[in-house]
Amino acid sequence: MRPAQSKDLRLLLALLLFDATIGKKRGSLCETNPARLSENHCMDTRNRRVWQVGAGDTDRNYEEVCLKHDVMIVGPGNPGPYTEAAYADKGDIKNSIRRFYEADRGDIIILRIGTGKVLAAGELADDQPQMLDAFADVDGWDLQHTRRVRWFKNSSRSFPTTTFGTRAR
């Protein structure tokens, strides 16, 4: 997991969430159709961080698991809950898992595959990660680090492959 990098993040979020546009209230993202607008269709983006998390790769995609169970999951989980000592030998993965533990309730999550496909956008709905053995084997991956996410319907979008980093693998 890593912070999202975008020159115009609010515009990107507007494209992701409900075909949204920047709302009249500064810092809000709302549906463009006022007849369908409700409190649940509007998101205040002030004081929130935006994180992107992968849902596997093009060969092993666990999007359905995330959306079905309202979670985002990362691994490896076999060393147990994150501590500097437990993950000292995990290289760059250590930083991704550390950031996973730093995300706060209400932060915005972008679930992606590759570097140009956003599968869903949502809002972090818990206060801290859990280690869940239910995700110990997701298509051969060890992904017990779990956070609850309220995924927004119809937020899947495709972008040029360089939108979220380097070209897709």
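Reader: Before we start, how are residues numbered, and what does the model count?

Author: Residues are numbered from 1 along each chain as its sequence is written, and side-chain values use heavy atoms, with hydrogens and water left out. Because the model is predicted, local features need pLDDT of at least 70 and side-chain atom pairs count only at pLDDT 80 or more, while totals for chains, interfaces and linings use all residues.

Reader: What is a salt bridge, then?

Author: Side chains of opposite charge can pair when their charged atoms come close. The rule here asks for a side-chain nitrogen of Lys or Arg within 4 Å of a carboxyl oxygen of Asp or Glu. By that rule there are eight salt bridges.

Reader: Which residue pairs with Glu123?

Author: Arg48 does, with the closest N and O atoms 2.5 Å apart. Glu123 lies in strand β8 (residues 117-124) and Arg48 in the loop between β4 (42-44) and β5 (50-54), so this pair ties together parts 75 residues apart in sequence. Strands are DSSP runs of E, at least two residues, and helices are runs of H or I, at least four, numbered from the N terminus.

Reader: Is Glu123 buried or exposed?

Author: Glu123 is buried, at 15% relative accessible area; Arg48, at 25%, is partly exposed. Buried means under 20%, exposed over 50%, and partly exposed in between (1.4 Å probe, protein chains only).

Reader: Where do Glu102 and Arg98 lie?

Author: Both lie in helix α3 (residues 92-102), four residues apart, about one turn of the helix.
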